[in-house]
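Thanks for coming. Please look at the model first.

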Amino acid sequence: MLGTVDLVIIGVWLLFMLGLGKLLSRSVSNTDDFYLANRAMPTALVICSLAACNLGMYNFISEAGQAAHEGISIIWHEWTGNMAFAFAGLFVLPAFRRLNLTTIPEFMGMRFGSKAHSLTAVMYSIKSAGKLGSMMYLGALAGAVIVPQVNFYWWMLIFTVVVGIYTYEGGMISVIFADAVQFILILIATLIGYSFVASQVGWLPGIIDKSSPEFLNFVPAAGEFDYKFILAILFLGINAFTCDQGMIQRSFGSKNVKTLVRGMVLTGIILTPVNPFHFFAGLAARIIVPGAAGMDPDAIMTHLYMNSIPMGLLGIFIVGLLASQLSTIDAELNAGATVLAKDLWQRVRKSKPTSEEKLRFSRYMTLLMTALMVGCALLVRQFGSVVEFFLTLVGIFDTPIFVVAIIYGLKGRRINQAGAIAGYLGGALCGVIARMVCTVYSLPDYLWWITVSAFLGALIITPLVSMFFAPPDREKIDRLYKREKAEDADWYHIMPRSLPGKVTLGLIITGAALFLGGIVLGGFGGEHASVLAVGGMITYFVGCGARLLFD
């Protein structure tokens, strides 16, 4: 149970985070500092920040709770995301980094035009508010269970004040250094939580022995997290790490392309052995907690952690748990404020703002996003599962922007602004319709249908509408593509130049093919599907890691 020592540890940490934001605010003198930490982040900070952003309360509580409900296959939500980290770092984001971008809407403006720029900024702001709301809701819900003397609404206020102040004061600089500290705390909390839960059932051997075989199937043929879910979440992971502003703004702050590539690839590799601790704790919870199968997935783990971890260590665990949520919220909060300030306010303002005005208004937008976060958190309470809400949001908003910005934006020379706008809106509308149909008719695999509908809608509508309007300026497109490409003397080329580099690319392709083969085999109920999929993933990461050594 929570004791005085635990409360003191939590209080000291909250005060430290507030002080850190105030201290680092002295390093912020312009919007480059506020948005991108002056594009000076070394590899170690990129890794810590990206990893902390990707390890939230969502992992400790919601996903682990889903593992208790449905089995280990939910782990692909994270593992496919880690594969997407490496893919984005090796094959997509180097081109964006060479353009010195701050935001994805900025790229849409460069490639298609001002209307596409504005639309993307508005759509992202809506999605960002929804994501922030889900994160805030989960944090406040867990806080109210952990410290029942402080109710849900007071926890919302605490989170809002802490993360709002240090993000307002220091922007990305505060976010980066706070995440470096919080990543260490998250790792400590992961080990504490797993140890005191798993030890009750005989550690990993006991979990395996006492769990039913279907709960240990990594690639089930049916169920909420079956092979179709894995394929859909792989695609959404690639979407997120190539198009989601909250995720990639940290990588845009990297010192150079070399730092970005290493940071993205190593983050994916490092997180992969960390993720199973959360999910195996969820499997243990099903064994320990009576009636876990009938409980709300978002409530299972919090009670179990509280009853399993002793005083003193519980305070450290809670700090790590809260740190994991703050590291996720601060990234999205800074990203949302960046888009509102840079992609909307600065562009509609008639006179050119001074550097001081830009910085001041960026901080005002942080306050606005904080208010939207609180409002959306109250709405999320009416939706149900946080996992379901989050995946629905990502499927509808991220899928069409991936098609328009990455598939057509980087490669489709004939696609114009009208096609880009129609494809983005049309794809998102297809996703919304798919979600409504799944809800009305109680259809399973909602994520699969949302993703496929949004993808095909954007893929078909974008070139179709483009045919009815004049093609874009060819010279403008050529200049943009030329800036994306590496010079001969550059450290990294997307397509390797050396023989060892080409061998590593072959290893990456082989690993990806084995992984996909395992997923497809799982759809047919293949006996060795899990081994093939996991083995393929490992091969893929070996290739990605080796790719960093050779060009």
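Leu429, Val432, Ile433, Met436, Val437, Val440, Tyr441 and Leu443 make a nonpolar surface patch of about 760 Å². A patch here takes residues with over 30% relative accessible area and no salt bridge; like charges are joined within 9 Å, and nonpolar side chains, meaning Val, Leu, Ile, Met, Phe, Trp and Tyr, within 5 Å. Areas come from the Shrake-Rupley method with a 1.4 Å probe, and for residues only the protein chains shown count as cover.

Before going on, this is a predicted model: local features need pLDDT of at least 70, side-chain atom pairs count only at pLDDT 80 or more, and totals for chains, interfaces and linings use all residues. Residues are numbered from 1 along each chain as its sequence is written, and side-chain values use heavy atoms, with hydrogens and water left out.

Leu443 sits in the loop between α18 (417-440) and α19 (446-466). Helices are DSSP runs of H or I, at least four residues, numbered from the N terminus. With a relative accessible area of 39%, Leu443 is partly exposed; that class lies between buried, under 20%, and exposed, over 50%, with a 1.4 Å probe and protein chains only.

Next, the pockets and cavities. Both are found on a 1 Å grid over the protein atoms alone: a cavity is a set of points where a 1.4 Å probe fits but cannot get out, a pocket is an open set with protein on both sides within 12 Å along at least five of seven lines, and lining residues have an atom within 4 Å of a point. Grid points are joined across faces, edges and corners, and a volume is the space filled by probe spheres set on the points.

The second largest pocket holds about 240 Å³ of space. It is lined by 18 residues, and Glu224, Pro444, Asp445, Tyr446 and Leu447 are the closest to its centre. Helices α11 (227-243), α18 and α19 each give at least two residues to the lining of this second largest pocket. By class that lining has 10 nonpolar, 2 polar and 6 charged residues. Ala, Val, Leu, Ile, Met, Phe, Trp, Tyr, Cys and Pro count as nonpolar, Asp, Glu, Lys and Arg as charged, and the others, Gly among them, as polar.

How many cavities of 30 Å³ or more does the whole structure have? The search finds 2. The largest cavity contains about 470 Å³. Its lining has 30 residues, with Asn54, Tyr58, His77, Met247 and Phe390 nearest the centre. Among the helices that supply at least two residues each to this lining are α4 (57-70), α5 (76-91), α8 (114-146) and α17 (386-411). The classes are 14 nonpolar, 10 polar and 6 charged.

The second largest cavity comes to about 100 Å³. Of its 13 lining residues, Tyr124, Lys127, Cys243, Ile401 and Tyr424 lie nearest its centre. Helix α8 gives the most to this lining, with 4 residues. The lining of the second largest cavity divides into 8 nonpolar, 2 polar and 3 charged residues.

Now the charged pairs. Side chains of opposite charge can pair when their charged atoms come close. The structure holds 12 salt bridges, each a side-chain nitrogen of Lys or Arg within 4 Å of a carboxyl oxygen of Asp or Glu.

Which residue forms a salt bridge with Asp179? The partner is Arg250, and the closest N and O atoms are 2.2 Å apart. This pair links distant parts of the chain, with Asp179 in helix α9 (residues 152-198) and Arg250 in helix α12, 71 residues apart. Asp179 is buried at 0% relative accessibility, and Arg250 is buried at 1%.

Arg250 also meets Asp330 in a salt bridge, at 3.4 Å from N to O. Asp330 lies in helix α15 and Arg250 in helix α12, so this pair ties together parts that are 80 residues apart in sequence. Asp330 is buried too, with a relative accessible area of 0%.

Another salt bridge joins the side chains of Asp226 and Lys228, at 2.9 Å from N to O. Both Asp226 and Lys228 are buried. Finally, a network of salt bridges links Lys127, Lys131, Asp244, Glu332 and Asp398. Lys127 is also one of the residues nearest the centre of the second largest cavity.
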